[in-house]
Amino acid sequence: MTTDGALVLFSGGQDSTTCLAWALTRFARVETVGFDYGQRHRIEMKVRLDVLSAMQARFPGWKPKMGEDHVLSLDVLKQIGGTALTGAMAIEMGADGLPTTFVPGRNVMFLTAAAALGYRRGIADLVGGMCETDFSGYPDCRDKAIVAVSEALTLALARRVSVHTPLMWIDKAATWSLAEELGGTALVDLIRDETATCYEGNRVRRHEWGYGCGVCPACDLRAKGYMKYISR
Ligand code: ZN
């Protein structure tokens, strides 16, 4: 098995696009995987392709390293339902103390599916944008959970599975700074203008920090991070 490749969990948002750039500066070959789980921000599936095209067009040095893009269906998450990301439900605090945007088991399933795909593709290194610093309280974004899942997958596949989380300990402002380090202002511009973070999938309202409804928690976090980044 080759060890020079990476598989990036790629949704077309700010975090996973930064992770993609991070992987492109470290690995010889980088593939991407997206998950269709009935998310209400359907635009994600289109945006991620637009972001990949923009990366290839604006970063000719990275283009030859960019391998196949995969989309896997995880309909089971919508079938189980009960979240604001997979059904018509208000985005608010739930009775469990977590936002209704929490999709139980999502990252565990994403990583399991990505590791299985990596197994087929000869890729042991997965890269994901999980972050415990600015995270919305999602327990499956915590480092301890991610490390435990990668250990479980390594045992279950009898093959090394490493999960790299370059954003784990940095906030949203630092994520913008990391993008600048990796790809200069050209990457910052690309991320600001092409990526979608908004839970509502709003691509109509343009703000200083990019497109989004400007109201949902994802927009709020992105806006605050960008403002902190540009005022540093
Ligand atoms: Zn929004």
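Author: A polar contact is a pair of N or O atoms within 3.5 Å; within protein, one atom must be able to donate a hydrogen and the other to accept it, and residues adjacent in sequence count only if both atoms are side-chain atoms. By that rule, the side chain of N202 reaches the backbone nitrogen of R205 at 3.0 Å. This is a predicted model, in which local features need pLDDT of at least 70 and side-chain atom pairs count only at pLDDT 80 or more, while totals for chains, interfaces and linings use all residues. Residues are numbered from 1 along each chain as its sequence is written, and side-chain values use heavy atoms, with hydrogens and water left out.

Reader: Where is the place of N202, and what does N202 touch?

Author: N202 is placed in the loop between α6 and β6. Helices (H or I, at least four residues) and strands (E, at least two) are DSSP runs, numbered from the N terminus. Not counting residues up to four places away in sequence, N202 touches Y211, G212 and C213, where contact means heavy atoms within 4.5 Å.

Reader: And H207, in which strand is H207 found?

Author: H207 is found in strand β6, residues 206–207. With 16% relative accessibility, H207 counts as buried. Buried means under 20% relative accessible area, exposed over 50%, and partly exposed in between, with a 1.4 Å probe and protein chains only. The side chain of H207 reaches the backbone oxygen of G212 at 2.8 Å. Beyond four places in sequence, H207 touches G212, C213 and G214.

Reader: Turning to E31: buried or exposed?

Author: E31, in strand β2 (residues 29–36), counts as buried because its relative accessibility is 2%. The side chain of E31 makes a polar contact with the side chain of H70 at 2.8 Å. Leaving aside neighbours within four places in sequence, the residues in contact with E31 are A6, L7, V8, G67, E68, H70, R121 and I123.

Reader: Now the helices. At what angle do the axes of α2 and α6 cross?

Author: The axes of α2 (residues 44–58) and α6 (residues 172–194) cross at roughly 160 degrees and come within 10 Å. That makes α2 roughly antiparallel to α6. Axes are lines fitted to C-alpha atoms, for helices over the stretch in contact, and angles run from 0 to 180 degrees between N-to-C directions. Angles under 35 degrees count as roughly parallel, over 145 as roughly antiparallel, 65 to 115 as roughly perpendicular and the rest as oblique.

Reader: Which residues meet there?

Author: V47, V51, A54, M55 and R58 of α2 meet L187, D189, L190 and E194 of α6. By class, this contact of α2 with α6 has 6 nonpolar, no polar and 3 charged residues. Ala, Val, Leu, Ile, Met, Phe, Trp, Tyr, Cys and Pro count as nonpolar, Asp, Glu, Lys and Arg as charged, and the others, Gly among them, as polar.

Reader: How do α6 and α7 pack?

Author: Helix α7 (residues 217–230) packs against α6 at an angle of about 85 degrees, with the axes 10 Å apart. The two helices, α6 and α7, are therefore roughly perpendicular to each other. The contact involves K172, A173, W176, S177, E180, V188, I191 and R192 of α6, together with L221, R222, G225, Y226, K228 and Y229 of α7. By class, the contact of α6 with α7 has 7 nonpolar, 2 polar and 5 charged residues.

Reader: How many residues of α1 are buried?

Author: Helix α1 (residues 14–24) is mostly covered, with 10 of its 11 residues buried. Among them are W22 and L24.

Reader: What does α1 meet in α2?

Author: The axes of α1 and α2 come within 12 Å and cross at roughly 35 degrees. T17, L20, A21 and L24 in α1 meet V51, L52 and M55 in α2. That contact of α1 with α2 divides into 6 nonpolar, 1 polar and no charged residues.

Reader: A last topic, the loops. What is phi of A158?

Author: Phi of A158 is near 50 degrees, a positive value in a residue other than glycine. Most residues other than glycine have a negative phi. A158 lies in the loop between α5 (143–157) and β5 (162–164), and A158 counts as exposed at 70% relative accessibility.

Reader: And where is the place of G137?

Author: G137 is in the loop between β4 (125–127) and α5. G137 is partly exposed, with a relative accessible area of 22%. The C-alpha atoms of G137 and P99 are separated by 7.6 Å, and the two residues are 38 residues apart along the chain. Not counting residues up to four places away in sequence, G137 touches L98 and R142.
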